[in-house]
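Here is a short note for a colleague opening this structure for the first time. Please keep the view open while reading.

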Amino acid sequence: MGPPGAGKGTQAKRLSEKYAMRHLSSGDILRAERAAGSALGRELARYMDAGALVPDETIVKVMVKALTGGSDGQGILLDGFPRTVPQAQALDAQLAQAGKPLDAVAVIDASRDEIVARITGRRSCPRCGRAYHVTFLRPRRDDLCDDCGQALTRRSDDTEAVVRQRLEAYDRQTEPVIAYYRRRPGLKVLDIDGSAAPDEVTRRLQRAFDALVHQG
Ligand code: AP5
């Protein structure tokens, strides 16, 4: 979890590869639906481009379908879901039904100035979703994804005005989810300072994950 631009996608991609987990990014799943040009995709675009969350009922349906399809590897790393308390409750119900525990919640944070600088300079691979930054995380070849060679694109919601709306949605709707998890006995909430360089944030997360694994 974490505000827009905290580094959730960048870090989830790295960690899911390292720990052989399935990375499920709600944002990537919604963008794929938009790219498919379906009626649902057109409806999603209205919310996403305004920096608002899509309705709980819609996202829960989409994420339950993603959670139950495909093999889990050594677990699932959720990125961007849940983002409201009703979504967290729907996830609890789904995990209870599947007999799978929620092991930990990682919260990555960074300052608001840093977030705006990161979002406005982000470039993403339309094929694999890998994120780059024009200054902080440049691809090896200008404007091409290191992994797929695809031309990098800019997300339609990555403007300063829209990121301010996304931050407002985060404070109002997603912060309470973190409080919801902090109140749960026995659930580890890992607070990660995401303001350092990407490799250092990865090291911090790995240390926290490894400690979890060792504690069983
Ligand atoms: P989503 O795609 O999840 O966007 P977000 O939460 O706003 O997060 P971002 O993807 O912008 O940031 P990130 O934390 O992943 O950062 P990243 O690693 O890319 O959601 C988009 C929209 O979909 C929402 O607004 C909503 O409409 C809808 N939606 C999604 N989930 C939903 C849900 N559950 N319920 C309802 N609606 C939902 O990094 C950002 C940039 O910074 C990159 O350029 C990167 O290269 C750079 N960077 C990363 N780490 C560092 C670092 N340590 N130092 C310097 N630069 C860095």
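Predicted model: local features only at pLDDT ≥ 70, side-chain atom pairs only at ≥ 80, totals over all residues.

The points below cover a helix, a loop proline, and several aromatic side chains.

1. Helix α2. This helix spans residues 26-35. Its buried residues are Ser26, Gly27 and Leu30. Seen down the axis of α2, they fall within an arc of 95°, so they line one face of the helix.

2. Look around the buried residues of α2. Their cover includes two strands, β1 (22-25) and β2 (76-79). It also includes two helices, α3 (39-48) and α4 (56-68).

3. After the helix. Check the backbone just after α2. There, glycine 37 has a positive phi of about 75°.

4. Proline 126. Find this residue in the loop between β4 (122-124) and β5 (131-133). Which residues does proline 126 touch, leaving out those up to four places away in sequence? They are Gln150, Ala151, Leu152 and Thr153. Take leucine 152: it is 26 residues from proline 126 along the chain, yet their C-alpha atoms are separated by 6.7 Å.

5. A tilted aromatic pair. The structure holds two aromatic pairs. One of them joins tyrosine 19 and phenylalanine 209. Their rings are 5.5 Å apart, centre to centre, with 40° between the planes, and the pair is tilted. This pair links distant parts of the chain, with its members 190 residues apart. Tyrosine 19 is in the loop between α1 (8-18) and β1, while phenylalanine 209 belongs to helix α8 (residues 198-215).

6. Burial of that pair. Are tyrosine 19 and phenylalanine 209 buried or exposed? Buried means under 20% relative accessible area. Tyrosine 19 has 16% relative accessibility, so it counts as buried. Phenylalanine 209 has 13%, so it counts as buried too.

7. An edge-to-face pair. Tyrosine 180 and tyrosine 181 also form an aromatic pair. Here the geometry is edge-to-face, at 5.4 Å centre to centre and 65° between the planes. Both tyrosine 180 and tyrosine 181 are buried.

8. Charges over rings. Return to tyrosine 19. The charged end of lysine 18 sits over its ring, 5.4 Å from the centre. Arginine 46 lies over the face of tyrosine 47, at 5.5 Å from the ring centre.

How values were computed
Residues numbered from 1 in each chain as written. Heavy atoms only, no water. Buried < 20%, exposed > 50% of the residue type's maximum accessible area, 1.4 Å probe, protein only. Helix = DSSP H or I, 4+ residues; strand = E, 2+ residues; numbered from the N terminus. Arc of directions from axis to C-beta. Contact = heavy atoms within 4.5 Å. Phe/Tyr/Trp six-rings, centres within 6.5 Å; stacked < 30°, edge-to-face > 60°. Lys NZ or Arg CZ within 6 Å of the ring centre and 35° of its normal.
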